[in-house]
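Student: Hi! Could you walk me through this model while I have it open?
Tutor: Happy to, let's take a look together.
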Amino acid sequence: MSEVLTRDVRALRAALADSSDRVSITLDLPRTSAEKVLALLDAELTTGAVVVPVKETFTTTEAATMLGLSRPTLMKLIDSGELAHVMVGTHHRVPAQALTDFQRARRARRSQAAKALAEFSNEIGLVD
């Protein structure tokens, strides 16, 4: 860990040691770390759930497990272009951001489908 990150981690830990509900500190982060913090805060804001990937890319088996899919289903998503991937030699790897993007898109599709089903149910009189 760089000296800057070590200093920032110490400052954040010290600020969190205080019992107040708000934490106010200034950090001097490298760009990649700042992007990760932004992704973390964005995930918490949009979904309320936070997943912090421990690495940048995942094997297809790891990605399938994280998405709750079988590996063959994941490969179909990759082949169809629904899930972004990179090739490492002859192996497919799925970037952490691609997993996040896919989950967000899947959640949006499910929400739209639920709304459409509710509207249809109302139209045909299944729901009062």
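Tutor: Let's start with a turn: strand 2 and strand 3 form a hairpin with two residues between them, and glycine 89 in that turn has a positive phi of about 70 degrees. Helices (H or I, at least four residues) and strands (E, at least two) are DSSP runs, numbered from the N terminus.
Student: Before we go on, what should I know about the model and the numbering?
Tutor: This is a predicted model, where local features need pLDDT of at least 70 and side-chain atom pairs count only at pLDDT 80 or more, while totals for chains, interfaces and linings use all residues. Residues are numbered from 1 along each chain as its sequence is written, and side-chain values use heavy atoms, with hydrogens and water left out.
Student: Thanks! How many bridges join strand 2 to strand 3?
Tutor: Three, and strand 2 (residues 86-88) runs antiparallel to strand 3. Two strands pair if DSSP finds at least two bridges between them. Within this pair, valine 88 stands opposite histidine 91.
Student: And what about strand 1 and strand 3, how many bridges there?
Tutor: Strand 1 (residues 57-59) is joined to strand 3 by three bridges, again antiparallel. Phenylalanine 58 stands opposite valine 94, and threonine 59 stands opposite arginine 93.
Student: So what order do the strands have in the sheet?
Tutor: The order is 1-3-2, in an open sheet of three strands with antiparallel pairing. Strand 1 and strand 2 are the edge strands, as each pairs on one side only. On average, neighbouring strands are turned by 45 degrees against each other, direction ignored.
Student: Which helix packs on the sheet, touching strand 1 and strand 3?
Tutor: Helix 5 (residues 96-124) does, and its direction makes about 65 degrees with that of strand 3. Axes are lines fitted to C-alpha atoms, for helices over the stretch in contact, and angles run from 0 to 180 degrees between N-to-C directions. Helix 3 also lies across strand 1 and strand 3, at about 95 degrees to strand 1.
Student: Changing topic, at what angle do helix 3 and helix 4 cross?
Tutor: The axes of helix 3 (residues 60-67) and helix 4 (residues 71-80) cross at roughly 100 degrees and come within 9 Å. That makes helix 3 roughly perpendicular to helix 4; angles under 35 degrees count as roughly parallel, over 145 as roughly antiparallel, 65 to 115 as roughly perpendicular and the rest as oblique.
Student: Which residues meet there?
Tutor: Thr60, Thr61, Ala63, Ala64 and Leu67 in helix 3 meet Arg71, Leu74, Met75 and Ile78 in helix 4, with contact meaning heavy atoms within 4.5 Å.
Student: Last one: how many salt bridges are there?
Tutor: Two, where a salt bridge is a side-chain nitrogen of Lys or Arg within 4 Å of a carboxyl oxygen of Asp or Glu. Lysine 55 and glutamate 62 meet in one of them at 2.8 Å, N to O. Arginine 31 also forms a salt bridge with glutamate 35, the closest N and O atoms being 3.3 Å apart.
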